[in-house]
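The following exercises concern a predicted model. Please examine the sequence and the structure before reading each solution.

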Amino acid sequence: MNLVFLGPAGSGKGTQAKKLEADFGVTQISTGDLLREAVRLGTDLGKQADPLMQQGKLVPDELVVGIIEERFQRGGLENGFLLDGFPRTLPQAEALDRMLERNGMKLDKVLSLEVPEELLYERITGRRSCPKCGTVYHVSAAPPKRAGFCDIDGEALIQRSDDSPEKLKNRLEVFRKEIPQVKQHYARQGLLAEIHGVGTPEGIYTEIRKALGR
Ligand code: AP5
Ligand code: MG
């Protein structure tokens, strides 16, 4: 099962990806996570990406496509992959088509999580994550057992530096501008499924499984 998740900041791409990973063994590939790791390690890529991510702007297509190519070359995707946050522009979608063709692979479905913008502010400003294991929480919707600390390893939870209301505004503007072309691209290929992304994470997951016929 090879999938793509489209959806604005806070739409639940990461949350739903973890569920699919657990149930079907697909590998989540999040360009946001890969970029944050590059920033943390201080690589050249990280140094180029950091100021852009801080402003909620997109990292240039050629850099992101490079990351994805590298990830595919590393392999380990036999049970399928789930692209979380890629592609975000039409050139990225076209580059992905070419890359998959070269590798004799194809997409099975492109899931677009549809969530009204007013709900995204609360989701994003309330998000906390574990710097050690990456588990994502929400202060009210998905709180940890002990406020501020990870259930799994007890690590103090952190807030992403681009999760402020001002930066979210920029991220949503970019999304509104770029994503219609990406959706059109996949609708033309007959791959697009729009998922109503409001409700409990479990309810939304049921909708996703229906769309996948699983
Ligand atoms: P990225 O890390 O991908 O950020 P994003 O797209 O803004 O998405 P988020 O990770 O913020 O949200 P999510 O949909 O994963 O939501 P989550 O499940 O965590 O990208 C960051 C930056 O990297 C970009 O701005 C850009 O600069 C750069 N970048 C990345 N990819 C790029 C690309 N392809 N091209 C160029 N640049 C790129 O959920 C959010 C919160 O809501 C959590 O607290 C969660 O617990 C809660 N929640 C989830 N579901 C529900 C629900 N149903 N009800 C209530 N709360 C919920
Ligand atoms: Mg995410």
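**Exercise 1: The enclosed space**

With a threshold of 30 Å³ or more, the count comes to one cavity. Determine which residues line the largest cavity and of what kinds they are.

*Solution.* 

Step 1. The volume is considered. The largest cavity holds about 50 Å³ of space.

Step 2. The lining is listed. The largest cavity is lined by F5, L6, G7, K13, G85, F86, P87, R88, F175 and I179. The elements that contribute two or more residues to this lining are β1 (3-6) and α7 (165-188).

Step 3. The lining residues are sorted by kind. Six are nonpolar, two are polar and two are charged.

**Exercise 2: The sides of a helix**

Describe the length of helix α5 (residues 90-102), and state which of its residues are buried.

*Solution.* 

Step 1. The span is compared with expectation. Helix α5 has 13 residues and extends 19 Å from its first C-alpha to its last, close to the 18 Å expected at 1.5 Å a residue.

Step 2. The buried residues, those under 20% relative accessible area, are identified. In α5 they are Q92, A93, A95, L96, M99 and L100. These residues lie on the same side of α5 because they cover an arc of only 160 degrees around the axis.

Step 3. The surroundings are examined. The cover over the buried residues of α5 includes β1, α4 (61-74), β3 (81-84) and α7. On the face turned away from the buried side, α5 carries the exposed residues E101 and R102.

Step 4. G104, which follows α5, has a positive phi, near 65 degrees.

Key: Residues numbered from 1 in each chain as written. Chains lettered and ligands numbered in written order. Predicted model: local features only at pLDDT ≥ 70, side-chain atom pairs only at ≥ 80, totals over all residues. Heavy atoms only, no water. 1 Å grid on protein atoms, 1.4 Å probe; cavity = no way out; pocket = protein on both sides within 12 Å on 5 of 7 lines; lining within 4 Å. Points joined across faces, edges and corners; volume = space filled by probe spheres on them. Helix = DSSP H or I, 4+ residues; strand = E, 2+ residues; numbered from the N terminus. Nonpolar A, V, L, I, M, F, W, Y, C, P; charged D, E, K, R; others polar. Expected span 1.5 Å × (residues − 1). Buried < 20%, exposed > 50% of the residue type's maximum accessible area, 1.4 Å probe, protein only. Arc of directions from axis to C-beta. Contact = heavy atoms within 4.5 Å.
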